[in-house]
Amino acid sequence: MSPRFRSVLDRFQEYKPGRRVTAPDGRSFKLSSNESPYGPLPSVLDVLAEAAREIHRYPDNACAELISEIAGHFGVPEEHVAVGCGSVGVAQHLFEAVGEPGAEVIYAWRSFEAYPLLADLSGVTSVKVPLREDETHDLDAMLAAVTPATRMILICNPNNPTGEVVRRAELEAFLDRVPRDVLVVLDEAYREYLTDPDVPDGLEIYPSRPNVAVLRTFSKAYGLAGLRVGFLVADPVVAAAIRKVYLTFSVNSLAQVAAIASLRAEKELLERVTVTVAERERVLAALRGQGWNAGPSQANFVWLRLGRRTLEFASLCEAAGVSVRPFPGEGARVSIGSPEENDAFLAVAASAAGVFERG
């Protein structure tokens, strides 16, 4: 007889990170995890080297300096800010804060693959609302799914993995109709890559809507994926609830100082984002020129709706040393990397386009 665990673990599929693959010739291009292709800035490395001298000490559990820096940088009160181990860590705290037997959480599907995992682990019921045919959130259907048991609605904007967005008029009309006791979370992990001026900034929306919270991360545009730090901005009642369930010392000392240094070097970091956005548009144009039905993206990745041939496409990429993120039966998400990495992917896509056309 073995120890007894929660029954949900019997059907639970743990999160699978993006893979790295290597071609027979030794080439390896990892485009499966939406990481920044650029290494840390020298100024960030300098503060990390200095902070490493103190790693025998516990970090500041309150993250006071980091929260102060975030608040000052984005022009929000400190009591509106909470932090966590990446934006997914903060999302976990949100699920824990609203979750109890019978509670429901609504989100679009397909969207960020961690949402159903966090829901299952927190004991809430997932209510998945299919995306529209154009890969956008169906906000009317999400609103229709609200019941007295609904505690939270997640809107990933831009959406991972499709890259599509919810625009201002539609979002505000939706928020006007959501019950005030339902928390609406705007997951803006890819906010810095936006070029569409009609996509609202959640930090401009939340002050007049106490049931709206905004999630951000340092893992993407700021290039700190390996250090794991994200944050939430919301009404102080919401932020206080997140701080109550915060896992002790989960934002380590190196992550804290690196995030502070990155905010102070934001101008230089966002210059890199401009390059990534230009590469995104180049990749999309090339894919369309090859005959692929590649939809628009406002993130640092592109999405190919491939259906039953998704794994076949991923295998062709892997054979060439290019890892992408396949979602079997649906499509493949391809991160935007360096020009060399993107060219390697486009070469595979060009050869695959002919194979798929004949198939």
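Helices and strands are here DSSP runs numbered from the N terminus, a helix having at least four residues and a strand at least two. By that scheme, Arg110 lies in the loop between strand 3 (104-109) and helix 4 (114-122). The structure is a predicted model, and its secondary structure amounts to 12 helices and 12 strands. Its radius of gyration is 21 Å, close to the 21 Å that the globule rule gives for 359 residues, so the protein is as compact as a globular protein of that length.

**Overall architecture**
- The C-alpha trace spans about 60 × 55 × 50 Å along its principal axes.
- Of the 359 residues, 55% are buried.
- Among contacts with a separation of 6 or more, 72% are between residues 24 or more positions apart.
- The accessible surface is about 16200 Å², and carbon and sulfur atoms contribute 53% of it.
- The protein carries 37 positive and 47 negative charges, whose mean positions are 4 Å apart.

**The annotated lysine**
- An unreviewed UniProt entry places the feature "modified residue: N6-(pyridoxal phosphate)lysine" at Lys220.
- Lys220 is in the loop between strand 7 (212-217) and strand 8 (230-234).
- With a relative accessible area of 15%, Lys220 counts as buried because the cut-off is under 20%.
- Leaving aside residues up to four places away in sequence, Lys220 touches Ser33, Asn34, Ser36, Ala189, Tyr190 and Tyr193.

**Backbone geometry**
- Most residues other than glycine have a negative phi, and most peptide bonds are trans.
- Asn34, one of the residues that Lys220 touches, has a positive phi near 55°.
- Asn34 belongs to the loop between strand 1 (29-30) and helix 1 (42-51), and it is buried at 1% relative accessibility.
- Cys63 also has a positive phi, near 50°; this residue sits in the loop between helix 1 and helix 2 and is buried at 0% relative accessibility.
- The peptide bond from Trp109 to Arg110 is cis, with omega near 15°.
- A cis peptide bond also joins Asn157 and Pro158, with omega about 0°; Pro158 lies in the loop between strand 5 (150-156) and helix 6 (168-177).

**Helix 2 and its packing**
- Helix 2 covers residues 64-74, and its buried residues are Leu66, Ile67, Glu69, Ile70 and Ala71.
- These buried residues pack against strand 2 (81-84), strand 8 and helix 9 (253-264).

Note on methods
Residues numbered from 1 in each chain as written. Predicted model: local features only at pLDDT ≥ 70, side-chain atom pairs only at ≥ 80, totals over all residues. Heavy atoms only, no water. UniProt positions renumbered as here; feature names shortened; annotations may be inferred. Buried < 20%, exposed > 50% of the residue type's maximum accessible area, 1.4 Å probe, protein only. Contact = heavy atoms within 4.5 Å. Rg over C-alpha atoms; globule rule 2.2 N^0.38 Å. Areas by Shrake-Rupley, 256 points an atom, 1.4 Å probe, with all protein chains shown as cover. Lys, Arg positive; Asp, Glu negative; His and termini not counted. Charge placed at Lys NZ, Arg CZ, Asp CG, Glu CD.
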